[in-house]
Amino acid sequence: MEELVLGVDLGTSAVKVSAVSRNGKIVAQRSFDYPLSQPKPGFSEQNPEDWVNGTTVAIVELILKDGIDVEAIKGISYSGQMHGLVLLDQNKQVLRPAILWNDTRTSQQTQEIADKMGDEFINITRNKALEGFTLPKILWVKENEPKIFAAAQTFVTPKDYLRYRMTGKLAMEISDAAGTVMLDVAKGDWSTEIQASFDLPASFFPPIIQGVESAGYISESHSLFSGLNTNTQVFGGAADNAAGAIGSAILKPNMVWSSIGTSGVVLKYEDNAEVDYHGKIHFFNHAIPNKYYSMGVTLAAGHSLNWFKNRFAPEEDFNDLVASAKKSTVGANGLLFTPYIVGERTPYADGDIRGSWLGIDSMHQRYDFVRSVLEGIIFSFKDIFEIYEAAGTHFDTVIASGGGAKSALWLQIQADIFNKKVIVLENEQGPGMGAAILAAVGLGWFESVEQAAEQFASFGQVYEPNAENVAKYAQIYPIYKQIYQQTSDISHQLLAYRREN
Ligand SMILES: Nc1ncnc2c1ncn2[C@@H]1O[C@H](COP(=O)(O)OP(=O)(O)O)[C@@H](O)[C@H]1O
Ligand SMILES: O=C(CO)[C@@H](O)[C@H](O)COP(=O)(O)O
């Protein structure tokens, strides 16, 4: 019997569970979708019970439909959508729907945090308090739903809630704890200054565990539902971007990860906590013990393309639509798109900015619009590269990941806009593979996360920059860069109008 681990990737639109062998081969995979609720502009919520049910169904299918032997499953670990707030009462019952990472209702609370703590906040948490992070969400509930807040005894992030329901043991894994912006990142523990500033008792904060640390075993009750054995060991896991970087073997500071999922991420591995980006990009504890990572986030990356398709080409095949951009030119015949359709994080920490097209000409075809969307997303990644370059970092290798890495055209656009070689993974699995690696290391199958990642990840095709295209993008990108400064005021006025009417 071949021994296996399960990597549970708890995403925003679905949970994907992968059964992975000791040599890093995916033996079987099942996923289950769940809904997102957007009851008001800027609100984004999910029912934590959907995560538990979806994961259980996926595991049951692995066992019943794929014939995975429960005896073979030695360990389980997780990758989770970050920053979401799950509030629990004294009996660890969920008090309200989870408020997710892409919920932007908390602009007022982010300002309150900045006013109260100023630079001290950034020095401790190494991040600005942005709308998507967890502390502003806690303050929003405190101010807007005081009865619910009064009943709240503790909180967790999404995958930590799922792990609690599978083990009966409550804990917060460190890379997700960092994303709450209540952690003293350099110390790797909850910040007592933040607890005091926002009047949150120490008892509100769950114990912190490491990504490869044992979090217990499958509980009797979960075993009854899923069929898993109670001797299956469960490990901490990681925030999805930390897990994705591990699954893509981003383990050296000269490598950079470019991931196009619903959101877009440009991520760098950091050996220590000495570097200071002054909150311009996120800086978090890694799921690799005593390591860190930094990243910039484009809130609507794949989401911008999906939005375009759903609104303007609902009947068309996704691949055909993306491929149609080849009919356009480098620079989309002078059409520029900014992907701020749900607000932005990096480099503009601005929940109220919205997207735009500039240069629309009656000659433009739909394929020019498609190309402008693909390019605008990568220009926004280039903005993040510029922050790294300003801090003195120069990368030679870009590892491309996420659903966007399925498109050869989009990969070439990345190589040409970044002017760097872009490499894809042979078996692109991103976060789920990272989760499986953490379980494999926790079980002692490997000495370190680094060793396991090198064994599990293998690199595939390389996209080299094309000099002619690089020169053209070098002309267009400086024009793109002016759009935010020159039009943000108009964009804010339009959003204010929408809110009032
Ligand atoms: N064939 C494709 N070509 C280009 N982009 C794609 C393709 N398939 C999916 N995508 C993009 O990938 C995104 C989903 O990526 P994924 O990594 O699965 O995201 P998430 O984990 O956030 O759900 C979609 O938003 C879509 O825009
Ligand atoms: O908010 C962040 C990172 O800070 C997001 O990356 C979420 O962690 C989930 O993103 P998807 O994987 O669903 O795109």
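1. Helices in this note are DSSP runs of H or I with at least four residues, strands are runs of E with at least two, and both are numbered from the N terminus. The model is a predicted one, in which local features need pLDDT of at least 70 and side-chain atom pairs count only at pLDDT 80 or more, while totals for chains, interfaces and linings use all residues. Residues are numbered from 1 along each chain as its sequence is written, chains are lettered from A and ligands numbered from 1 in the order in which they are written, and side-chain values use heavy atoms, with hydrogens and water left out.

2. Let me start with the annotated spans. Over residues 5-247 the model has 37% helix and 23% strand, with the end C-alpha atoms 14 Å apart. For residues 259-442 the values are 35% helix and 20% strand, and the end C-alpha atoms lie 26 Å apart.

3. Axes are lines fitted to C-alpha atoms, for helices over the stretch in contact, and angles run from 0 to 180 degrees between N-to-C directions. On the α9 side, D240, A243, G244, I246 and G247 make the contact, and on the α14 side P431, M433, G434, A435, I437 and L438 do; contact means heavy atoms within 4.5 Å. These residues divide into seven nonpolar, three polar and one charged. Here Ala, Val, Leu, Ile, Met, Phe, Trp, Tyr, Cys and Pro count as nonpolar, Asp, Glu, Lys and Arg as charged, and the others, Gly among them, as polar.

4. Please look also at α12 (residues 366-390) and α16 (residues 467-500), whose axes come within 10 Å and cross at roughly 80°. That angle makes α12 roughly perpendicular to α16. From α12, the residues R371, E375, G376, F379, S380, K382, D383 and E386 meet Y473, I476, Y477, Y480 and K481 of α16. The division of the residues in this contact is five nonpolar, two polar and six charged.

5. Next, the aromatic rings. Rings of Phe, Tyr and Trp (its six-membered ring) pair if their centres lie within 6.5 Å; planes under 30 degrees apart count as stacked, over 60 as edge-to-face and the rest as tilted. By this rule there are 30 aromatic pairs. F149 and F204 form a tilted pair, because their ring centres are 6.1 Å apart and their planes stand at 55°. F149 belongs to helix α4 (residues 146-151) and F204 to the loop between α7 (192-197) and β12 (208-209), so the pair ties together parts 55 residues apart in sequence. F149 is buried at 16% relative accessible area, and F204 is buried at 3%. Buried means under 20% relative accessible area, exposed over 50%, and partly exposed in between (1.4 Å probe, protein chains only).

6. Y340 and Y348 form an edge-to-face pair, with ring centres 6.1 Å apart and planes at 85°. Y340 is buried at 3%, and Y348 is buried at 13%. Elsewhere, Y277, F283, Y292, F385, Y388, F395 and F418 form one aromatic cluster.

7. I260, in strand β16 (residues 255-260), is buried at 2% relative accessibility. Its C-alpha lies 6.4 Å from that of S401, although I260 and S401 are 141 residues apart in sequence. Setting aside neighbours within four places in sequence, the contacts of I260 include A301, I378, F381, S401 and W410.

8. Finally, some backbone points to check. Most residues other than glycine have a negative phi, and most peptide bonds are trans. H83, which is not a glycine, has a positive phi of about 70°; H83 sits in the loop between β5 (73-80) and β6 (86-88) and is buried at 2%. N419, also not a glycine, has a positive phi of about 55°; N419 is in the loop between α13 (408-418) and β23 (421-425) and is partly exposed at 45%. The peptide bond from T346 to P347 is cis, with omega near 5°, and P347 lies in the loop between β20 (336-338) and β21 (356-358).

Key
Parallel < 35°, antiparallel > 145°, perpendicular 65-115°, else oblique.
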